[in-house]
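Welcome, and thanks for taking a look at this one with me. Here are a few points to follow with the structure open beside you.

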Amino acid sequence: MALAQTLLTLLHAPLKGIIKAWVETRLIEPDPSDLGIDPGLPTLYVLPHPALSDALLLDVLCKRHGLPPARGSIDLDGIELPASVALPTRQRRLWRRTRALEAPFRQALEHLATHPQADIQLIPVSVFWGRAPGKRFGFWRLLAADSWQLTGRLRRALSVLVNGKSVEVHFGAPLRLRDLLDKRGPAVANRKSARLLRIHFRRMRTRVLGPDLSHRRTLIEGVAASPEVRRVIGELAPAEKRSPERLQRRALRYGREIASNMTYPVLRFMDGLLRRLWNRLYDGVEVRGLERVKALAGDHTLVYVPCHRSHIDYLLLSYVLYRDGLMPPHIAAGRNLDMPLIGPLLRRGGAFFMRRSFRDKPLYAAVFNEYLHRLLERGHPLEYFIEGGRSRSGRMLAPAPACCR
């Protein structure tokens, strides 16, 4: 273990040189000059998980933008602490039990408990590799980009190589470690600090990547087996003289007809396709008010209600959100768009399909309402058109809220 650590230390300099020469940041948010770092306090950067590529990139960015260094150590009255740490992650071991991992703030908290005048500022940093690739097309680029799936060393190395030209870095607001001291002692404060930071990192990841998209089949089965859908099935079975099992299969069929199948590779593919389209159609796109949306995205479920003068409206909105570090919404679309080739692409881009009328279809209405409820409950951003349909004249239409019932 010591030999491996020594070898890794020797490789830091050449690996950092590769990162510096190869990696380009597509988005740094907020601007490093607006972080509000107190120059009189020791600065400790916190990453969501151990990753050498993230730590080296953070060090390069800190030097480039005049921030406190992220490599080396900080001195606290004779106690040396690393300038950057990562929250521990539990690793699976087939041959032995994994012991409980402790957050890396224990020593700093013990120091603060005995030195009332001292303090440390924590800066959480989230790094996303290849969320919106620079060269938008290419199998390896799409494969290696960040998602909710766990990434190993080989996957991360591939991501650095393939997506190094488009990296997003999100800094959190500085956090005073003294504010997290607990009367019950440093051990409790250590767990409290780690829990608070994990919540921050999860909210940031949700804002950038959206909630986990990997369970569509489970979602549909849960919708079909929900109490409300079962109640409707129980009422319809004697009236239609159908068995509950047959109606249950129908509910599953409705769920598959409705549900979106949003996938990251298709989002990135559409990002590249639309980027080329805007450059051909327009001289530029001006966006206003997006900062207020970003401020809400981490803690709220967002519902977008754009106008629908053309199909360009929702395509442009999704593109702008994705480009600026927000997750595109699930979009309510008419079932008439679920056609060969176009329908599957729209579904994988976030569209969920609805029939124009639910009249005399109580089971379909129950499935649709339950699906919508679960999307909102999970925190997925949604988009629907308050006008009820696309304008045929290019003018704004009066709202038709009854169409959304």
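**Notes on a helix and a strand**

1. Let's begin with helix α8, where V229, V232, I233, L236 and A237 are buried. Seen down the axis of α8, these buried residues fall within an arc of 140 degrees, so they line one face of the helix. Please keep in mind that this is a predicted model.

2. On the face turned away from the buried side, you will find the exposed residues P227, P238 and A239.

3. As for its dimensions, α8 covers residues 227-240, 14 residues in total. From first C-alpha to last it reaches 20 Å, close to the 20 Å expected at 1.5 Å a residue. Just after the helix comes K241, with a positive phi of about 55 degrees.

4. Now turn to strand β7 (residues 167-171).

5. Which strands pair with β7? Strand β1 (residues 25-29) runs parallel to β7 and is joined to it by 4 bridges, with E29 standing opposite H170. Strand β6 (residues 121-129) pairs with β7 in the antiparallel sense over 5 bridges, and there F128 has E168 as its bridge partner.

Note on methods
Residues are numbered from 1 along each chain as its sequence is written. This is a predicted model: local features need pLDDT of at least 70, side-chain atom pairs count only at pLDDT 80 or more; totals for chains, interfaces and linings use all residues. Side-chain values use heavy atoms; hydrogens and water are left out. Two strands pair if DSSP finds at least two bridges between them. Helices (H or I, at least four residues) and strands (E, at least two) are DSSP runs, numbered from the N terminus. The expected span of a helix is 1.5 Å times one less than its number of residues. Buried means under 20% relative accessible area, exposed over 50%, partly exposed in between (1.4 Å probe, protein chains only). The arc is that of the directions from the helix axis to the C-beta atoms.
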